[in-house]
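Let's take a walk through this model together, one piece at a time.

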Amino acid sequence: MTPFLTIVVLVLVAIAIWQMTKIFELSQIKANNTEVASETDNKYNGYLMFAFLIFLYGITIFSFWKYSKVLLPEAASEHGGGYDSLMALSFVIIFIVQTLTQFLLHYFAFKYRGEKGKKALFYADNDRLEFIWTIIPVIVLAGLILWGLYAWTNIMDINEEDDPLTIELYAQQFNWTARYAGDDNVLGDANVRMIDIENANILGLDQADPNAADDIIVKELHLPVGRKVNFKMRSQDVLHSAYMPHFRAQMNCVPGMITQFSFTPTITTAEMRQNPDVVDKVKRINRIRAEQAANGVENKDPWEFDYVLLCNKICGKSHYNMQMKIIVETEEEYNKWIASQKTFGSSMASAQ
Amino acid sequence: MSVTAHAHVEDHSDDHGHHHKETFVTKYIFSQDHKMISKQYLITGLIMGAIGIMMSILFRMQLAWPGESFPVFEAILGKWAPGGVMDADVYLALVTIHGTIMVFFVLTAGLSGTFSNLLIPLQIGARDMASGFLNMVSYWIFFLSCVIMLISLFVESGPAAAGWTVYPPLSALPMAQPGSGMGMTLWLVSMALFIAQSLLGSLNYIVTVLNLRTKGMSMTRLPLTIWALFVTAVIGVISFPVLLSAALLLIMDRSFGTSFFLSDIFIQGEVLHFQGGSPVLYEHLFWFLGHPEVYIVILPAMGMVSEIMAVNARKPIFGYRAMIASILAIAFLSTIVWGHHMFISGMNPFLGSVFTFTTLLIAIPSAVKAFNWITTLWKGNLQLNPGMLFSIGMVSTFISGGLTGIILGDSTLDINVHDTYFVVAHFHLVMGISALYGMFAGIYHWFPKMFGRMMNKNLGYVHFWITAVCSYGVFFPMHFVGMAGVPRRYYENTAFPMFDDLTDIQVLMTMFAIVAAFTQLIFAFNFIRSMFYGKKAEQNPWNATSLEWTTPVEHIHGNWPGAIPEVHRWAYDYSKTDENGEYIIPGQDFVAQTVPLKDGEEELQH
């Protein structure tokens, strides 16, 4: 009801403004109105241009002050640090350019507002100026491109060096499944044509492939900290995208092909929960959730920070709720967990 | 070639006025007069725009107050909002159709269709388009395409809901979501027609600009609007057919069992027969149009802003040749950057590097344009008419939105913001709001030419200032939502507690969006009232130099009552002075293109 009332109020405000301008208009009807900007119009709109510049700076400062805290915490992967630095540099450049150009644009609009008798300067060309503002972006962008491409090549170079852990991320409407390659660290062959739901072969593994027998299929992603992980993505129905924002990682899952992404997690879930930014965020969110729960909203239990895998490519009705929990833990914890999981071979044997 | 074209035009002018018996139908409905067709495009585009904006308000309300019940949802959406709570499927349908309508029907047809039709013949000095008949056909195909798109809103299973990019397999499989049934078929048919009208229109514009320019109107004397509209038509001809092929192959996959885009699919308990296709192929085809498309949207706005800014600054546009060069550079680059929409699509990462390179290159001509606009204002005598305000606003939003393109165009940085609200904020500012501002600027500026009456300036001022504040109010904070990791096209974010502290930003954005939407009613009122009761326009209300202001206020078929005027100079002789510092024409700060060069007057190096 409150939102509805708010809308009604907004409508009324809009109508009020409209009516006010009408009155304003009627009051000066005889003033030889040509509907072309007069000296007064130029003056007022010139001042408003200046005010608008202040508004622009204001909303920038306000947003940073108020909303910086909602941003993602520090990157929890090895390449994520470099990613964040490149992002920070790009933002510095963007804000310098934005502040300067918006100033010039609005200040000129204010300063050179039309006046009777003013003569504009016939100024059609200046090769040197144009050269300067062509060459500056060229140099700056060249720097950004080089850094970006260097980082990109490193991130996208997916290889078998440093004994990576191989994990398949399997997407379907509307959930994720993970498959660990097991002791041999090689994923067994799979295809949707071999899916056999009755016999619990939900990912379509080839039972004749010896590599498949030790594969482990789970609904929660556990990663040992400090070990490189090579993800192989598959989808069984429509496009999905495996988005792991805390690790600065994302790759689409495409039916009919296997895509891949690789990163090394560097911060365990337990450590991340101690990060001051995360502690603050959790506190803030739990305050909001407690309030909502008090107002009778369901499913608003207190939240504990966890890494998540989200679907980030429109995939249908429940796209907004397609997620999987990611737990980064120490080597020992990981080994203990993986040892307690059933292999594909043993679950097939028990099903028959 | 142009000589014969002229001869033809002159012939036409001779028998003009003798046998013109116009009925209501030939004058207002099946008109072949470019001015009437442009008004038809404009009004159709504005109606579609109203529908698109209304949809955006509905889903913005859902985002701000997820799962809440609103009587307005139940009233508009009916069975898709049981008890006034919006259904998740219809949410996706709304964002899909909002995107489709705004990008294609409003900003492509409504913007370039309107102003190409209006301005090309008038500003180059032609009696009409090269083919008035084709021009009429193209409008009516557009109309049909609009009707089919609107019909798709009323089919049983709902309209298309796979996002405006309609990626298969989601869009190809009716069992994947209800919107991929009949609604999707109608979407594809509507788009195929849309592409046909766009091609007919574009070919007409190109031929007209190349062949029907009046005597003396060399390419380097054309107003920048014409350059922009001409180049827009060229990229339309190059890229729209590729979308048609994508749409046709998708239709075949959907209806005839082919596997162009589909392979290895298991859905709802059964394996489908598709084998060997690739959704990535569709993405390539789609974005081969899709990226040039955003320049098809923004270039006409840029052209009009350049023209309107020069007129109202009473100064020539700064760097006329650089402006043309940057339009050409943008047009060329726009066709080789499409892969930046696909960095993480599974495409070979090496291709990603190439597309990063070409994409960041496009920032250079864009920067040149922005700086040239700013310099055009410098030491001007700015007449702050509503059209001028929207032009300045366009430069502002184009810079703000364009700068974040540096992040999205960089394949590395794109990884974590791809498909988040950061992208939504970026493209709404840089092409959505900027192109809309360009469109508004054009409407306020050329309204007197279209309807012979002036729009009310005070309502125009109110319209501009509220819209300007609200568009930043919606899209500036949105960048933060994106950088917090919120994916786009989520029906609600409550499934992720980590997004719970973003609700107040969502509410703020929705408030601004609602106010902005209602402000457009001021514009609608002003537009309709001025059409009938506005102050009668003078022939050249803005004291502009270009040819369209030499035609009489009352429209006549053929544009000029006598011979077509000859052109002697470029379109930007504002405040030009002789060596004594006096205006070329004493007491008048502009020299129309039709005025011959004075003795000793130098035509500048353009």
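Is the crossing of α8(B) and α9(B) left-handed or right-handed? Keep in mind while you look that this is a predicted model. The two helices cross in the left-handed sense.

Let's stay with this pair for a moment. Two packed helices are described by the angle between their axes and by the distance between those axes. Here the partners are helix α8, residues 224-255 of chain B, and helix α9, residues 279-313 of chain B, and their axes come within 8 Å and cross at roughly 160°. Angles over 145 degrees count as roughly antiparallel, so α8(B) is roughly antiparallel to α9(B).

Now zoom out to where the two chains meet. Chain B puts 120 residues into the contact, and chain A puts in 110 residues. On the side of chain B that touches chain A, the most is given by helix α17 (residues 457-483) of chain B, with 13 residues. Sorted by class, that side of chain B has 75 nonpolar, 30 polar and 15 charged residues.

UniProt, in an unreviewed entry, places the feature "transmembrane region" at residues 6-24, 44-65, 85-110 and 131-152 of chain A. Two of these spans can be compared with the model. Residues 85-110 of chain A are 100% helix and 0% strand, with 37 Å between the end C-alpha atoms. Residues 131-152 of chain A are likewise 100% helix and 0% strand, and their end C-alpha atoms lie 31 Å apart. Another UniProt annotation from an unreviewed entry, "domain: Cytochrome oxidase subunit II transmembrane region profile", covers residues 64-159 of chain A. Over residues 64-159 the chain is 71% helix and 0% strand, and the end C-alpha atoms are 39 Å apart.

For strands, look elsewhere in chain A. An open sheet of 5 strands runs in the order β3-β2-β1-β5-β8 (chain A), with mixed pairing. Because β3 (216-218) and β8 (259-263) of chain A stand at the edges with a single partner strand each, one side of each is left without a neighbour in the sheet. From one strand to the next, the twist averages 25°. Strands of a sheet pair through backbone hydrogen bonds, either parallel or antiparallel. Strand β5 (residues 229-235) of chain A pairs with β8(A) in the antiparallel sense, over 5 bridges. To find this pairing on screen, pick A:K232, whose bridge partner in β8(A) is A:Q260.

Note on methods. Residues are numbered from 1 along each chain as its sequence is written. Chains are lettered from A and ligands numbered from 1 in the order in which they are written. This is a predicted model: local features need pLDDT of at least 70, side-chain atom pairs count only at pLDDT 80 or more; totals for chains, interfaces and linings use all residues. Two residues are in contact if their C-beta atoms, placed from the backbone, lie within 7 Å. Helices (H or I, at least four residues) and strands (E, at least two) are DSSP runs, numbered from the N terminus. Ala, Val, Leu, Ile, Met, Phe, Trp, Tyr, Cys and Pro count as nonpolar, Asp, Glu, Lys and Arg as charged, and the others, Gly among them, as polar. Two strands pair if DSSP finds at least two bridges between them. Axes are lines fitted to C-alpha atoms, for helices over the stretch in contact, and angles run from 0 to 180 degrees between N-to-C directions. UniProt positions are given in the numbering used here, feature names are shortened, and annotations may be inferred rather than shown by experiment. Angles under 35 degrees count as roughly parallel, over 145 as roughly antiparallel, 65 to 115 as roughly perpendicular and the rest as oblique. A crossing is left-handed if the near helix is turned anticlockwise from the far one by less than a right angle, and right-handed if clockwise.
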